[in-house]
Amino acid sequence: MTVAPHQACLLYFADEEAPALRLAQAAGMTAQAVERHRFPDGELKLRLPVNAAGRLPRRVVLLRSLHQPNEKLVELLLAARTARSLGAQQLTLVAPYLAYMRQDIAFHPGEAVSQQVVGGFLAGLFDAVITVDPHLHRINRLEQAITVPQAVVLSGAEPLADLIADRRPNALLVGPDGESAQWIAQAAARHGFDHAVCTKVRHGDRHVAIELPSLNAQGRAVVLLDDMASTGRTLALAARLLLQAGAASVDVAVTHALFAGDALQVLHEAGVGEVWSTDCIPHPSNAVAMAGPLATALQSVLRT
Ligand code: R5P
């Protein structure tokens, strides 16, 4: 059962029109753009697409993938508070990539625990959040970070595993660090891949140390699988070590293609062949579409 179009609408910003239209089509919803104006001083003005009576439907969904998140958080604040004042009673955020989830403790005195701060901010705006592979390390469930009635987590690991099974049928799947074990386990269970997980110690933004697990990489087509690549240093070092250990090839599959700065170049210089990602963050490496699973989750939230 789908929700009638007059009862729900999907709002999006112009830079995410393509994924918004894919999601709206998969969910059988109407998608409408939020108008965004930047004043000369940098402040933002938003205008929401109201009906002739100046109102929004009862159920409003906002699509905003939170890569490059800082300004988008202000957009969410303005859009969500305005939507409530215009009649929205159930507000859902679809954020295929959820930012600020990695800083989950204060590593040094005085540090902001961004996961809690941003999670609390989003919980104050939305009734439901749908996301893909949020980086949950020291907590297990998204609702521990964002205390909303419905916090829905999807994973890119299985669709990426399907792609890997097609492109590298006998792949040796390797996770670059302990956190990746969850995605490696899901992907390996789906296709019976041989698999292993490295250990990593982070020394800085672009400096990590990695130790390979005991595995025989000799002559194998290795695929490194992780939730995200940011600077690419984690995957690049893992790739170098695997090639030194005799791997025939190393390709990379990630849910979130952040690829900051020279990340892709660093990966290729390390010997990485193909790079595949889901379309949670628009990027030339996108090879797996998430609109279908996102739409299914959205329809289920909208039915409540
Ligand atoms: C952290 O554990 C994540 O899963 C990634 O491994 C990490 O964010 C990758 O960062 P970078 O690409 O900057 O090494």
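Predicted model: local features only at pLDDT ≥ 70, side-chain atom pairs only at ≥ 80, totals over all residues.

Visitor: OK. Which residues go into domain 1 and domain 2?
Guide: The domain assignment puts 5-154 plus 289-302 in domain 1, and 157-273 in domain 2.

Visitor: And how many Å separate the centres of the two domains?
Guide: Taken over C-alpha atoms, the centres of domain 1 and domain 2 are 29 Å apart.

Visitor: How many residues of each are in contact?
Guide: 11 residues of domain 1 touch 11 residues of domain 2. The area buried between domain 1 and domain 2 is about 900 Å², and carbon and sulfur atoms give 59% of that.

Visitor: Which residues in domain 1 lose the most area to domain 2?
Guide: That would be Tyr97, Asp133 and His135, which together make up 57% of what the domain 1 side buries.

Visitor: What kinds of residues are on that side?
Guide: On the side of domain 1 that touches domain 2, you get 6 nonpolar, 3 polar and 2 charged residues.

Visitor: How many salt bridges go across the interface of domain 1 and domain 2?
Guide: The count between domain 1 and domain 2 is 0. There are 5 residue pairs in polar contact across that interface, though.

Visitor: What about salt bridges in the whole structure?
Guide: A search of the whole structure turns up 17. One to click on is Asp15 with Arg64, where the side chains meet at 3.1 Å, N to O.

Visitor: Switching topic: what does UniProt annotate here?
Guide: The unreviewed UniProt entry places "domain: Ribose-phosphate pyrophosphokinase N-terminal" at residues 20-121.

Visitor: How much helix and strand is in residues 20-121?
Guide: Residues 20-121 are 32% helix and 22% strand, with the end C-alpha atoms 23 Å apart.

Visitor: And residues 162-256?
Guide: That span is 31% helix and 38% strand, and its end C-alpha atoms lie 17 Å apart.

Conventions
Residues numbered from 1 in each chain as written. Heavy atoms only, no water. Domains from an automatic or database assignment. Contact = heavy atoms within 4.5 Å. Buried area = accessible area lost by both parts, 1.4 Å probe. Salt bridge = Lys/Arg side-chain N within 4 Å of Asp/Glu carboxyl O. Polar contact = N/O pair within 3.5 Å; in protein donor to acceptor, adjacent residues only side chain to side chain. Nonpolar A, V, L, I, M, F, W, Y, C, P; charged D, E, K, R; others polar. Helix = DSSP H or I, 4+ residues; strand = E, 2+ residues; numbered from the N terminus. UniProt positions renumbered as here; feature names shortened; annotations may be inferred.
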